[in-house]
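Student: I should like to study this model through a series of questions. Please answer each one step by step.

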Amino acid sequence: MSKHHDPYCLRSRLSWRLLSLQAALLVALVAVVVGALCASGFVLAGRDEDRVIDVVQRALTRDAQGALALRPTAELKQLRNETPDLWFLVRDRQGHLLGEGTVPAEFAAIGAGLDQISQARLGWQMFDDPRKPAARLKRVDTDAGNVQIITATQGRLTGAKALLATSLAFLGIALPGLLLMGTATFIATPMIVQRAFRGLDTTADEARRIDIHQRGARLSVERIPLEVVPLVTAVNDALARLDQGYARHKRFVADAAHELRTPIAILNTRLESLAPGPDKTRLLEDAARLATLAEQLLDIQRLDRCAHPFTRVSLAAVARSVAADLAPLAIAAGYELALDAPAAPIDTIGDAAALERALTNLVQNAIQHGPRRGIIGIRVSSPASIEVSDEGAGIPADQREQVFEPFYRLAPLDRGAGLGLNMVREIVQLHGGHVSVTDGPDGGACFRITLPPARQS
């Protein structure tokens, strides 16, 4: 069973993923820098040497003879335990020396020449070989007076110091960089995505305008990202296949309808030769329904070819033509056909033949489904509408939208084919109008076609 995945915001997801990547790269960069500094001895030199000087400064004193001496402080003891290779050299202004450990020869006698220097780093640069002797010189005030201390980074870097160095590097380098890049990402990414996908808005508008009456339409692949082109191409291929299938379906329906007309005509001719009686009447009605179905199928095909060009059409003329054609049929069925068409012109822009077929279907629908009595009214009114009303049972309110669906019948044994009202809706929608059904003024149903009025010339 496949999982359901909700839509997501590309801008937000892209921004967060870029920020995560940037954060990971910055953390890796800080780790590499701190590791390189530790390996080169820079971090060690920047921390342990100051500690040595501070410990020696607090422990330095003079003995009874005035010579430099060290008090056995706890700090000094801990420093000696932590750094087995510890060395330092203390020199006062009188030239007295105090040393511990193995002082490199390079620094054993250098202090006398640097009496005027308060602090210095000797024999070491950041990218030098860390195995070379390096020292730190600093002049400090102690209980023994102002002295000069020279020492080196002989101690090991503890875990706490490494964590401190890493934290300082992260706070000083990574965090500001991450904040800066994160701000730029959340501002720039939505703008970049919106600009890159701007062409998709045009493509989406094209897709919204595609309907069954505008076959052959395709989505444009201009000004859209290359990553989306395969999707648009696949949609266009699907539209092409749908067009081909729809064309095959239409050809089949048209061919079938044409083929049906000949056997139906032959059947009617043979039925007319039968002796009068109830069986002949029922058979003739069944043949008439078959003929109506074939004509409706052909009307659907003709409807596809009547959209253009549209011309100015008088709705009153359409109503008079339909009333004249169907009056004999209505009267024979027991109805009275009434026409209300004002003398003032009421025009629309469309196809006169298609509008006549739509109105004819509404009147035939009233004749077929009515009570075989009463008045069937045709009324033309401003700005551009036609109503067909009868005095039958009407249409329930909950089925007034469904009756326009193809092959829908109010009753399962209804004698209609279920295509007439659907064709009426198709014709009206093709003309930019709409058709609705309400209760008639004297009971029954009232179908109303509303069309865009033609501009007055």
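Student: In which strand does Asp 92 lie?

Tutor: The model is predicted: local features need pLDDT of at least 70, side-chain atom pairs count only at pLDDT 80 or more, and totals for chains, interfaces and linings use all residues. Residues are numbered from 1 along each chain as its sequence is written, and side-chain values use heavy atoms, with hydrogens and water left out. Helices (H or I, at least four residues) and strands (E, at least two) are DSSP runs, numbered from the N terminus. Asp 92 belongs to the strand that covers residues 88-92, namely β3.

Student: Is Asp 92 buried or exposed?

Tutor: The terms rest on relative accessible area: under 20% is buried, over 50% is exposed, and partly exposed lies in between (1.4 Å probe, protein chains only). The relative accessibility of Asp 92 is 1%, and therefore this residue counts as buried.

Student: Which side chain is joined to that of Asp 92 by a polar contact of 2.9 Å?

Tutor: A polar contact is a pair of N or O atoms within 3.5 Å; within protein, one must be able to donate a hydrogen and the other to accept it, and residues adjacent in sequence count only if both atoms are side-chain atoms. A polar atom of the Asp 92 side chain lies 3.0 Å from the backbone nitrogen of Gly 95. The side-chain partner at 2.9 Å is Arg 62.

Student: How many residues does the largest nonpolar core have?

Tutor: A nonpolar core is a set of buried Ala, Val, Leu, Ile, Met, Phe, Trp, Tyr and Cys residues joined through side-chain atoms within 4.5 Å. In the largest one, Leu 315, Leu 359 and Phe 447 have the most contacts inside the core. Its size is 39 residues.

Student: Which element gives the most to this core?

Tutor: Elements that give two or more residues include α9 (315-332), α10 (352-369), β11 (375-381), β12 (385-389) and β14 (445-450). Eight residues come from the element that gives the most, α10.

Student: What distance separates the end C-alpha atoms of α10?

Tutor: The expected span of a helix is 1.5 Å times one less than its number of residues. The 18 residues of α10 should therefore span 26 Å. The distance between the end C-alpha atoms agrees with this, at 26 Å.

Student: To which backbone nitrogen does a side-chain oxygen of Asp 351 reach at the start of α10?

Tutor: Buried residues of α10 include Ala 354, Leu 355, Leu 359 and Leu 362. At the start of the helix, the side-chain oxygen of Asp 351 comes to within 3.3 Å of the backbone nitrogen of Ala 353.

Student: Which strands stand at the edges of the open sheet of five strands?

Tutor: Two strands pair if DSSP finds at least two bridges between them. The order in this sheet is β9-β11-β12-β14-β13, with mixed pairing. Each edge strand has a single partner, so one of its sides is left without a neighbour in the sheet; the edge strands are β9 (336-340) and β13.

Student: Which residue in β14 is the bridge partner of Val 388?

Tutor: β12 and β14 are antiparallel and pair over five bridges. β12 has both faces covered, and Val 388 is buried on the side of Ile 386. The bridge partner of Val 388 in β14 is Phe 447.

Student: Which residue in β12 stands opposite Val 380?

Tutor: Antiparallel pairing with five bridges joins β11 to β12, and a hairpin of three residues connects these strands. Another bridge here pairs Gly 377 with Ser 389. Opposite Val 380 stands Ile 386.

Student: What angle does the direction of α9 make with that of β9?

Tutor: Axes are lines fitted to C-alpha atoms, for helices over the stretch in contact, and angles run from 0 to 180 degrees between N-to-C directions. α9 packs on the sheet and touches β9, β11 and β12, where contact means heavy atoms within 4.5 Å. The angle between the directions of α9 and β9 is about 170°.

Student: Which residue has its backbone oxygen 3.0 Å from a polar atom of the side chain of Tyr 335?

Tutor: Tyr 335 is in the loop between α9 and β9, and its relative accessible area of 5% makes it buried. Among its contacts beyond four places in sequence are Ala 330, Ala 366 and Ile 376. The backbone oxygen at 3.0 Å belongs to Ile 367.
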